[in-house]
Amino acid sequence: MNVITDHLSEFGHGLLLTAELTLLSLAGALVAGTVVASMRVSPVRVLRAAGMAYVEVLQNVPLLVWLVLAVFGLPEIGLMTGLFTTSVVVISLYQGAYTAEAVRSGINAVPAGQGEAARALGLTFTQSLRLVVLPQGLRTVVQPLGNIAIMTLMNTAMAAAVGVVELTAAANRVNLAEATPIWIFVTAGLAYMALSGLFGLVTGALERKWAILR
Amino acid sequence: MVRTSAGKRWALPVAVTALSVAGLAACSSGGDSGSAVPGSGGGKQDDLVAAAPVAANLPAGSTMEKIKKRGELIVGGSLDAPLLSQQNPASKKVEGLDADFGRLLAKYITGKPNVKIVNSASETREALLSNGTVDVVFQTYSITPERAKQVAFAGPYYSSGLVITTKKDKTGIATPADLKGKTVIAGANTPAIPAIKKAAPDAKIVTFGSDPECVQALKQGRGDAYVQDEAVLLATAKQDPTIKIQGKPFTSDPYGIGLKHGDAQMKQFVNDWLKQIQASGLWAKVWKNSIGTVVEGDAPQPPAIGSAPGSE
């Protein structure tokens, strides 16, 4: 167990970076997802098509490919950003596609009468979406969004491949010096489990708080 | 809320898929120019194997006897390391220094150069050896005292070292001390990481998964220098005129043959084999056939067996 205690600071830094990556990406994904889902239900045909194209393109290429493309491809066209920033943006956009689908299913779960009533009261499409449909829709999909949050956490490990020293990369580096992969990766695995367990608890609490009884 | 006809619903995803597949295909073409890789002179391998010795007798009940009964040697190794162990995309044959040594050892034990390479990684080598998935590891496996607690090392069979590479026009980085305060690129899971930390503790280390990625990152300016094993960088620098190797190796990195921990009988056996092929000049021929294709001059003196800490 000395292997772990001797390298606590490496693991700590890795865990911190994983948490930062996850939280920033989640925030980005929620914004991107809500915007794209709104586009997909909007009355404007072009917006609907753009929203759909976004989801299909992002979901149908693996995250690792997107990360490598962004890290090594963008500098070729003169867009050079830091590795951490690039990873946050790419993971946000990628998870945004999944979030969009979850949010859209929430929107579709809101009875049509709600939207019709909002329009009858004179609210514009944006107002009815923002004030009536989305608040109800988002509350319905707390659990799937929680799953997406856990998936985002796991997917941050991909950033290790493009030079971000998050938990997985930190574990790799410790293993390189100590050559005891089982203990090191079990520790990293337990840290991921603890984080995702936390996400599960938060999701559960939020769902009980926000549930709509129909 | 949004209803589109079934035909329209399918048209877009299909078009997008077709486009992205076409795009990916375009990206990957051009990467397969296998003949441009130095060290891919396939024909000589057969001469090497023909000249290789076969063990006179195997101790009863030993690991070697089991391998002989099975008829092939299972080697933990790479398929993507130029000059060391790289699969030729055209012939499917694995070529390079490590691959040749694997074949020669297989012939020494079984009489035939039959090798099955199990793709292993720095994270999995110790486990693959200890649970018996592979018989030996030939994978630029640097001998260290920490690793020697979990695996037995025969050898060293080759000694390499880390070198510093920069863009061609870069000056002022020639020795490890010059890396102070710089951003340095290194391969993930390579001994370069601890070596850089030791030589320049305040250097910022950025790691990428593979050698081509590291080179690309260096060329795009994500770091000032790239530290990697000389054997790997020689091939790369030869192919790519925009990067340059600065100075001589600054570490000594003895490669060992990984064996199951505690198998002293097999370690002795493999060491005897190494001594034989070093004495007969076969070792130098293997070097000439791989690393010797990009390095001028004669083969270096092979390292003394058991000389590295962790291999005694």
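One thing to know before you click: two residues are in contact here if their C-beta atoms, placed from the backbone, lie within 7 Å. Keep in mind, too, that this is a predicted model.

**Stop 1: a helix pair in chain A.** Select residues 63-73 of chain A, which form helix α4, and then residues 83-109 of chain A, which form helix α5. The two pack at an angle of about 140°, and their axes are 10 Å apart. That angle makes α4(A) oblique to α5(A); the cut-off for roughly antiparallel is over 145. The crossing of α4(A) past α5(A) is right-handed.

Now show side chains. Which residues of α4(A) meet α5(A)? Pick out A:Leu63, A:Trp66, A:Leu67, A:Ala70 and A:Val71. On the α5(A) side, they meet A:Leu83, A:Thr86, A:Ser87, A:Val90 and A:Tyr94. Colour this contact by class and you get eight nonpolar residues, two polar and no charged ones.

**Stop 2: chain B as a whole.** Switch to chain B, with its 11 helices and 13 strands. Of its 312 residues, 44% count as buried. Among contacts in chain B with a separation of 6 or more, 73% are between residues 24 or more positions apart.

**Stop 3: where B touches A.** Select the 26 residues of chain B that are in contact with 26 residues of chain A. Elements of chain B giving two or more residues to this side include α1 (6-28), α7 (192-199), β10 (204-208) and α8 (211-219). Start with α1(B), which gives the most, five residues. By class, the chain B side splits into 11 nonpolar, 10 polar and five charged residues.

Methods. Residues are numbered from 1 along each chain as its sequence is written. Chains are lettered from A and ligands numbered from 1 in the order in which they are written. This is a predicted model: local features need pLDDT of at least 70, side-chain atom pairs count only at pLDDT 80 or more; totals for chains, interfaces and linings use all residues. Axes are lines fitted to C-alpha atoms, for helices over the stretch in contact, and angles run from 0 to 180 degrees between N-to-C directions. Helices (H or I, at least four residues) and strands (E, at least two) are DSSP runs, numbered from the N terminus. Angles under 35 degrees count as roughly parallel, over 145 as roughly antiparallel, 65 to 115 as roughly perpendicular and the rest as oblique. A crossing is left-handed if the near helix is turned anticlockwise from the far one by less than a right angle, and right-handed if clockwise. Ala, Val, Leu, Ile, Met, Phe, Trp, Tyr, Cys and Pro count as nonpolar, Asp, Glu, Lys and Arg as charged, and the others, Gly among them, as polar. A residue is buried if 20 or more other C-beta atoms lie within 10 Å of its own, exposed if 12 or fewer, and partly exposed in between; C-beta atoms are placed from the backbone.
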